[in-house]
Structure formats: C-alpha cells, structure tokens
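Please read this briefing alongside the sequence and the structure. The points are grouped by topic.

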Amino acid sequence: MYVKALYFKNFRNLSDGFIEPCENVNIIYGDNAQGKTNLLEALWLFCGGHSFKGSRESEFVKFGEKQARIRVEFFSQNREQNSELVFGSNRKEVYINGVQKKSAASLIERYNAVIFSPEDLTLVKRGPSARRRFIDSAICREKLGNALIISRYNQTLNQRNALLKDIYRHPELKNTLSIWDDTLCYLGSQIIVRRLEYIKKLKESAEKYHLGISGGREELSIGYLSTTKASYGENEREIFKSFSDNLRESQKEDIKSGFTTVGPHRDDFDIIINKKRAKSFASQGQQRSAVLSLKLAEAKVLSELTGENPVILLDDVMSELDRKRQDYLLNKVRQYQVFITCCDLDESLCDEKSRKFFIKEGSVS
Ligand SMILES: Nc1ncnc2c1ncn2[C@@H]1O[C@H](COP(=O)(O)OP(=O)(O)OP(=O)(O)O)[C@@H](O)[C@H]1O
Ligand SMILES: [Mg+2]
C-alpha cells in the first residue's frame, strides 16, 4: 500500500495543509520543534488510532482550537481508499471511504505502517512490557480478531486477579478460581501460539538484517521466553495443558502475591547479540541496529502476511547511524514507501523520484 495524500487541519502544531508524497523515499526536513514528528504521527494514526507516543487524543488538537482533522488518501487492496479521523472534545470520529465507523479498528487490515522512532530503543533497553506491546501490536495488525482475544484475555486476567485478592481474605472462595482458570488458559494459549508463530517468522528475518547492518560482524538471536514453558512447534492444546499445569503449580504463590504470576502477560522475548544479552552488554549503536533489524523484519512479515507493503516511517533515525548502516537501511527500505524526518536535508538520502517537504512552524512547503 502507499499514501497518495495526507491532509491535516489543527492537528498538533500543523495548521492547515497537505502533502502529496511519492511512492518511494519522502524526506521531511526542518529545524527542531517544527512539526516533523507530528506529521509522522498523523500518518501512523490510521493504523488503528493509537499514538506511538502514548498520547491522549485530546492532545492532538492544536492549542486553542476545538477540533483536529486528518485525512489520508491511500492505495491498498487494489483500489484507492480514504479515511478521516476527527478529534475533539468527544470521542473521535472515524470515516472510512466516506462511511462513519465506530472505531478505527477496521482500518487495520487496509492501512499499515511500521514506525521507527528514538523511543523504540526501549525495546532493547527496558523491561518486558515494551517487548510484549511490540509483539501484541504486530499480531493485532495481522488480524483484527487477535485484538479481541487479547482484550478478552486481559479482562479475564483482571477478574482472576481480583478474586486472588479476595481469596487472601476469604479462603473459602478458592474453589471458584477454576472458573477463570479455564478461560484464561483457553485465551492465553491462543495468544501464545500466535506470538510463537510471529516470533519464529520475525526471528528469521531480523537475524539476517542484523548481520547485514553490522557488516557481518554481529549475530543477533531472538527467543520467546514463556512463563508457561510453551515452546515453538507446540499446538494450542499442548500449550493449554502446560499453561494449566503451571497455573495450578503457582496457585499458592498467586494467592500470596494477589496476582497471576504465569501467562502471556508475564512472557518476554530475549534479544541476544553475539551470545550476550543486548540489554546489559550491547553498545548504543548495536542496540539501535538490533531495533532496526526488528522493525525491518516487522515490515517484511507484515507484507508477506497481508500481501501489502506497509509504509515505513523513520523518525530521527538517520543522524544516529554511520554511513555504512545508513546505506544498508536505505537500500532495504527502498522497496517500500518511506517517510524520513531529519533536520538538515541530506541529498544523499534522495534519488530522482524522491519528494522533499520542508516544514516550518507547522506549515509544509
Ligand atoms: N496540541 C498541540 N498544539 C500545538 N502545538 C503542539 C501540540 N502538540 C505538540 N505541539 C508542538 O508541536 C511542535 C513540533 O513538534 P514535533 O515533535 O513534530 O517537532 P519536530 O519537528 O519533530 O522536532 P525535533 O526535530 O526536535 O524532533 C512542538 O513544539 C510541540 O510542542
Ligand atoms: Mg521529531
């Protein structure tokens, strides 16, 4: 898929304007705080309506204004489509091809993007929750139904956790735990199977990309770490069983701590470079390269799965990479429609087809 045009009005500091990008490399350049990241955020929001910065919707509206509007015209599923999001004091309004929808979720299978921003380094640097968010967001974009499974799992988990806290004070309630356990294992095993399948595909590509980015010097290795002891190749039934067994074994501990200690909500994946854990031992450049490899792999898996190339959004990535790594990255992303933000226009990123957008105080020229 590719974006044909993006219109914006009072979206963050972007006042009123539009861009018509090319299908290849698009450069958005300008000084700090002019609106480059805001433009990428607008492009990203059509993936399902959530900010990659974790912002609230009210923050999208330009200071002093009542409403923000963004509209995208894009080519996907062999036809031209469009979507409009309106943010105001009420719930956001979503329009797809002119028809109002309840949520932006149904954009998921039509519009796809992969974003790499400096905040993504948390994937390597921080605790497991950022990595779980990464896989879950990826599997949700593969299939709309997966988001529903995850949301039902989280509801069940909250109910089980509430009961665990009650059992601590009223031990006679212990027998009712099994009501939630079955549902938890049923939904949880579906999530784990999808995550394992996803990591298997991701791993294959990410490991290759990392070898390429590092000029053959670094070996990346990724592995899913499950608190339920599930492993690659197991089916849902087998994972259901190991999840149930582990849940039963940890029951005492769960009651004592007042929350569920095993399940996909506690799983993680390991990022290892040259046999050492990246979080503790990798340099800044190695960590950045590992995240880039994961993101390139995410784009590849997504395009194989949906049959559509996602749009690639690179926010402030280039300036942090040495020339060799820049060239490798550019070469890999050229097959997609790419948006690259930078402060100074670097002509070496462009080719004859590239379009350049200069942004100043929220206006694009
Ligand atoms: N709701 C809003 N209304 C008006 N301005 C906003 C709003 N939200 C954010 N901004 C402002 O938009 C400006 C541009 O932000 P943005 O992150 O896009 O800058 P940038 O061009 O990416 O800069 P940098 O090169 O530093 O990353 C910031 O000064 C920010 O305070
Ligand atoms: Mg920025």
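A backbone N or O atom of Phe 63 lies 3.0 Å from a nitrogen atom of ligand 1, which falls within the limit for a polar contact (a pair of N or O atoms within 3.5 Å; within protein, one must be able to donate a hydrogen and the other to accept it, and residues adjacent in sequence count only if both atoms are side-chain atoms). Taken alone, ligand 1 exposes 660 Å², of which the protein buries 74%; accessible areas come from the Shrake-Rupley method with a 1.4 Å probe, and for residues only the protein chains shown count as cover.

The model is predicted: local features need pLDDT of at least 70, side-chain atom pairs count only at pLDDT 80 or more, and totals for chains, interfaces and linings use all residues. Residues are numbered from 1 along each chain as its sequence is written, chains are lettered from A and ligands numbered from 1 in the order in which they are written, and side-chain values use heavy atoms, with hydrogens and water left out.

**Ligand 1**

- An oxygen atom of ligand 1 is 2.7 Å from a polar backbone atom of Ala 33.
- A polar backbone atom of Gly 35 is 3.0 Å from an oxygen atom of ligand 1.
- There are 15 residues around ligand 1, and Ala 33, Lys 36, Thr 37, Glu 59 and Val 61 come nearest; a residue is near a molecule or strand if one of its heavy atoms lies within 4 Å of it.
- The shell around ligand 1 has three nonpolar, six polar and six charged residues, where Ala, Val, Leu, Ile, Met, Phe, Trp, Tyr, Cys and Pro count as nonpolar, Asp, Glu, Lys and Arg as charged, and the others, Gly among them, as polar.

**The six-stranded sheet**

- An open sheet of six strands has the order S8-S12-S13-S3-S14-S15, with mixed pairing.
- Strands S8 (113-116) and S15 (363-364) stand at the edges with a single partner strand each, so one side of each is left without a neighbour in the sheet.
- Helices (H or I, at least four residues) and strands (E, at least two) are DSSP runs, numbered from the N terminus, and two strands pair if DSSP finds at least two bridges between them.

**Strand S3**

- Strand S3 (residues 25-29) is largely enclosed by the rest of the structure, because five of its five residues are buried; buried means under 20% relative accessible area, exposed over 50%, and partly exposed in between (1.4 Å probe, protein chains only).
- In a regular strand the side chains alternate between the two faces of the sheet.
- From S3, Val 25, Ile 27 and Tyr 29 point one way, while Asn 26 and Ile 28 point the other way.
- S3 runs parallel to strand S13 (residues 338-342), to which five bridges join it.

**Buried positions**

- Ile 359 lies in strand S14 and is buried, with a relative accessible area of 1%.
- The C-alpha atoms of Ile 359 and Ile 28 are separated by 7.0 Å, although the two are 331 residues apart along the chain.
- Leaving aside neighbours within four places in sequence, the contacts of Ile 359 include Leu 14, Ile 28, Tyr 29 and Val 364; contact means heavy atoms within 4.5 Å.
- Asp 254 is found in helix H7 (residues 251-257) and is buried, with a relative accessible area of 0%.
- Not counting residues up to four places away in sequence, Asp 254 touches Arg 160, Leu 164, Leu 247, Phe 259, Thr 260 and Thr 261.
- In helix H10 (residues 323-333), the buried residues are Arg 325, Gln 326, Tyr 328, Leu 329, Leu 330 and Val 333.
- Cover for the buried residues of H10 includes helix H5 (177-213), helix H9 (284-306), strand S12 (311-315) and S13.

**Loop positions**

- Most residues other than glycine have a negative phi, and most peptide bonds are trans.
- Gln 77, in the loop between strand S4 (68-76) and strand S5 (79-87), has a positive phi of about 55° and counts as partly exposed at 34% relative accessibility.
- Lys 275, in the loop between strand S10 (268-273) and strand S11 (276-277), has a positive phi near 70° and is exposed, with a relative accessible area of 73%.
- Gly 233, in the loop between strand S9 (220-225) and helix H6 (236-249), counts as exposed at 77% relative accessibility.
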